[in-house]
Amino acid sequence: MSTTAPDPLATLGALPGVADAVDSVRKAVDRVYGHRVMRRRSSEVTAEAALRGARGSAALSGADWNLEEVRRRTDFSGDDEPQVIGAALRLTAEAGQLLSIWRQSPLRVLARLHLVAAGGAAPDDAVGRPRLAGEPVDEPLIEAPLPGADEVAGRLEGLSGLILAGSAAPALVTAAVVHGELLALRPFGSYNGLVARTAERIVLIGSGLDPKSICPAEVGHAEQGRAAYVAAFEGYLSGTPDGMAAWIAHCGRAVELGVRESTAVCEALQRGAA
């Protein structure tokens with residue numbers, strides 16, 4: 001008699017409240033995709049969503065700049081904050097180019113994301129690979145205990161296996177787990193938050209939920225605030241059903257707020273004001 005291995009992501013999708021979050025996200029995404037501006041000017045909405053998503057992700061990593069300053073600035077060298085903004089912009093631009101590789105080798109994509117984020121700002125031998133035992137991690141927002149290098153390697157392989165195996169779980173659930181696990185592991189010496197949020201974006205795009213990348217969850221994460229982000233993440237770290245459901249719902253709300261942002265962009269384009 002054959003047996004089917006359990007689908008842990010689908011199990012999370014069955015947690016109380018998660019189905020409601022998934023349904024709410026799907027309806028919100030469908031509404032913005034149905035906007036009349038999307039028929040003719042979707043590329044403009046995508047470009048604006050990328051810019052605003054990068055700004056939101058950078059804000060969570062400590063570089064909370066005005067959108068127009070991000071739009072205007074061309075030099076992101078020098079101090080820490082410009083480097084964070086530059087890294088977020090590069091990652092957002094890179095995300096859409098990695099979809100096919102993600103389906104075949106998630107770990108290769110994560111390495112590439114860290115390489116793009118670092119942009120030469122870290123020692124060459126520390127870029128694009130998981131950290132080794134004893135190597136420091138610069139991630140000021142997340143103060144949770146740092147897993148050891150061996151645990152990181154094992155859990156990254158486990159995460160990769162889940163992605164490669166596929167799942168019946170909704171895209172929101174998979175994206176939230178990828179995001180949360182990378183935050184928990186902080187596998188690189190730097191830019192882990194930016195990489196985690198970019199990986200979430202890749203899952204949402206590649207799953208077909210947001211194929212044109214116009215629903216920037218990073219905007220919603222930033223809008224809910226750093227304190228709420230950390231509190232929801234603690235739910236993920238707890239591993240309890242309630243905690244996991246709260247984290248997934250938080251990520252769902254982030255997508256909905258990203259949808260609201262892009263809907264406003266559509267309205268502005270329709271009025272000729274953007």
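The chain has 13 helices and zero strands, where helices (H or I, at least four residues) and strands (E, at least two) are DSSP runs numbered from the N terminus. The model is predicted, so local features need pLDDT of at least 70 and side-chain atom pairs count only at pLDDT 80 or more, while totals for chains, interfaces and linings use all residues. Residues are numbered from 1 along each chain as its sequence is written, and side-chain values use heavy atoms, without hydrogens and water.

**Exercise 1.** State what share of the residues is buried, and describe the largest nonpolar core.

Solution. Buried residues (under 20% relative accessible area, 1.4 Å probe, protein chains only) form 51% of the 274 residues. A nonpolar core joins buried Ala, Val, Leu, Ile, Met, Phe, Trp, Tyr and Cys residues through side-chain atoms within 4.5 Å. The largest one has 88 residues, and Trp 102, Leu 110, Trp 247 and Val 255 have the most contacts inside it.

**Exercise 2.** Identify residues that Trp 102 touches.

Solution. Contact means heavy atoms within 4.5 Å. Leaving out residues up to four places away in sequence, Trp 102 touches Val 109, Leu 110, Ile 163, Val 178, Ala 199, Ile 202 and Val 203.

Technical notes. Buried < 20%, exposed > 50% of the residue type's maximum accessible area, 1.4 Å probe, protein only.
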